[in-house]
Amino acid sequence: MGDAISPRLHCSILGPLEVHVADHRAVIGAPKQRLLLAILLCHANAVIPSEQLIDCLWGETPPRTARKNLQVYVSALRKIVGDRISFQGWGYRMRADREELDLLRFLELSRSGRAAVRSGDLPSAATLLGDAVGMWHERPLVEFRHVPLVAAEVGRFTELFLSVYEDWVELEIELGRHVEALGSLDVVAARFPARERVAAARMTALSRCGRAAEALSHFEGLRRHLAAEMGIDPSPLIRQLYQTILRGDGPPPPRLPGLAGAAVRPRPVRALANRLPRDVDDFVGRETEVRRVLEEPAHVTVITGGLGAGKTALAVHVAHLLALRYPDGAVVIPLRRDGVPRPAAGVQREILESVGLDVTGVREDDALASVWRSWLADRKILLVLDDAPDEASVRVLLPGTTSSRVLVTSRSRLSGLESVARIGLGELSASEGVEFLSRVIGRDRVAGDLPAVLRIFRRYGLSPLVLRLLGARLAGLWHLPLSLLAERLDRTANVLDEFVAGDVSLRRRFEESYAHPSWPHRTAFLALGALGGPVFGHEELVEALDRAGEPGERVVESLLEAGVLSISQTPADAEVVAHSLAYAMSPLAHRFAAELHGNRER
């Protein structure tokens, strides 16, 4: 392409937004046009959906002409940056390389510097990391700090900068340049007073300059700040550094004890490799969802749905398709064990130790989290965080850089997670259910008794878990006509007990998820069991939940968030709803709720 189409360009977002075309600064005055460019540059080379751009530009009440206005802004930007901005059918992408965008150049220098560290070439590493640090300006894109999407990206950039800065400044001290390092340490330590690696580096540099009293004073300031802001004490490693300086044992050794150095003793680090469980051969449907995950520009995708919706199966299936893009490994990390949420520190420790890092000396959760982020920073890893209980359990495991990809499965929508893509799973369609059973028990058998199959679907739903249990059961009962099974299910009082195959029981899954007394939605779930369902009219539902002790509207929202209820897309039952919003739950989940309600009444 000639320069007439794509002029020579350099964009900066590691500070104020600036664009230079052919060495001349371009003037972009319209605020929304500047914001649009900032968003595209933050996600350079990825497609941003048009709807997401409209939300960022106009918030919850966009004008009717928003889409047309967006096209006008894009057209105006193309006059400046050329055809680097392209429409991809459902969103826009800004194409850039490392010479055209300072963020991409920063990432390349960081990777090269850390590679030099691993190879033992510390002088080259210090130069490369120093060049990366020198590209950073205070408060990137500060004019857009009110826009959540930009603020989240700036937060990630800042975390990455701090990690690179800590690596660089420790190298500078190790190479004997502690006097020079103090200049930047004074600024960064004041700006980020809770960063223990920064504090340790400044204390070490001060001590080596003969300013031990100032080093001790800095520790006291750190201790007070952590106590006041977070209610915690400094980590054992920095307390050890404090005691060394206090005893007057001489300047600390050049290699810092701090936090990502001696705490993690060097070992040959094994690759994480591909640790995905096997993909199921009979995976059916979800073509739209699979395509969305594969094409999604966001680096974190949350897959939500009720119990048995196939969230994990979809995540594993897509992870196998994505794995080749992430050469440093792919792994599924269960965030619950026997139904109980796992501490994030335990998850981090397990993975880090599995690749050969000795983190036995890292006791504080914050220090371990720093090691985790540093380890992920320059790697391309695919993480599947399975069955997340809440937002906090996910946030602490997310990489600080965009080189890795994360798929999260959860029954909750995890609405508090920012800058993520969300994909909600409902039941399969009847045709997908027929296709699945045909693969499991044979097409002739399904086609020969199709009315019975559709009757089972209508009464018991089309969740992948129900279909899998039904298919496994029918495969073992090859002699039983499907119409007889449908009649048997209709006659059975405890129909939940019929959905079992080997060691997998639907009732047990419901009990693990819904019957625990500490489950926060138990009272509301019992109230649903008292209603005829599984489709509820809005007024009926709110009235019943009002009696459960909290405002019904709020309880409905919490049940939607938790994946217990969904908005009914086809409220076909005129007796349930005529001119009102309707909600639905899994037919078998409603039967379980009715059982729990009945047991309580007895």
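This is a predicted model: local features need pLDDT of at least 70, side-chain atom pairs count only at pLDDT 80 or more; totals for chains, interfaces and linings use all residues.
Me: Why is the contact between Arg67 and Glu51 called a salt bridge?
Reply: The side chains of Arg67 and Glu51 meet at 2.1 Å, N to O. A salt bridge requires a side-chain nitrogen of Lys or Arg within 4 Å of a carboxyl oxygen of Asp or Glu, so the pair qualifies.

Me: What makes this pair a tie between parts of the chain?
Reply: Arg67 belongs to helix H3 (residues 66–81) and Glu51 to helix H2 (residues 50–58), so the pair ties together parts that are 16 residues apart in sequence.

Me: Why is Arg67 called partly exposed?
Reply: Its relative accessibility is 39%. Partly exposed covers the range between under 20% (buried) and over 50% (exposed), so Arg67 falls in that class. Glu51, with a relative accessible area of 46%, is partly exposed as well.

Me: How do you know that Glu172 is buried or exposed?
Reply: Glu172 has 8% relative accessibility, and buried means under 20%, so Glu172 counts as buried. Its salt-bridge partner is Arg177, at 2.9 Å, N to O. Arg177 has 31% relative accessibility and therefore counts as partly exposed.

Me: What makes the contact of Glu170 and Arg197 a salt bridge?
Reply: Their side chains meet at 3.1 Å, N to O. The cut-off is within 4 Å, so this contact also counts. The pair links distant parts of the chain, with Glu170 in helix H6 (residues 148–174) and Arg197 in helix H8 (residues 196–208), 27 residues apart. Both Glu170 and Arg197 are buried.

Me: How many salt bridges does a search of the whole structure find?
Reply: The search finds 32 salt bridges.

Technical notes
Residues are numbered from 1 along each chain as its sequence is written. Side-chain values use heavy atoms; hydrogens and water are left out. Helices (H or I, at least four residues) and strands (E, at least two) are DSSP runs, numbered from the N terminus. Buried means under 20% relative accessible area, exposed over 50%, partly exposed in between (1.4 Å probe, protein chains only).
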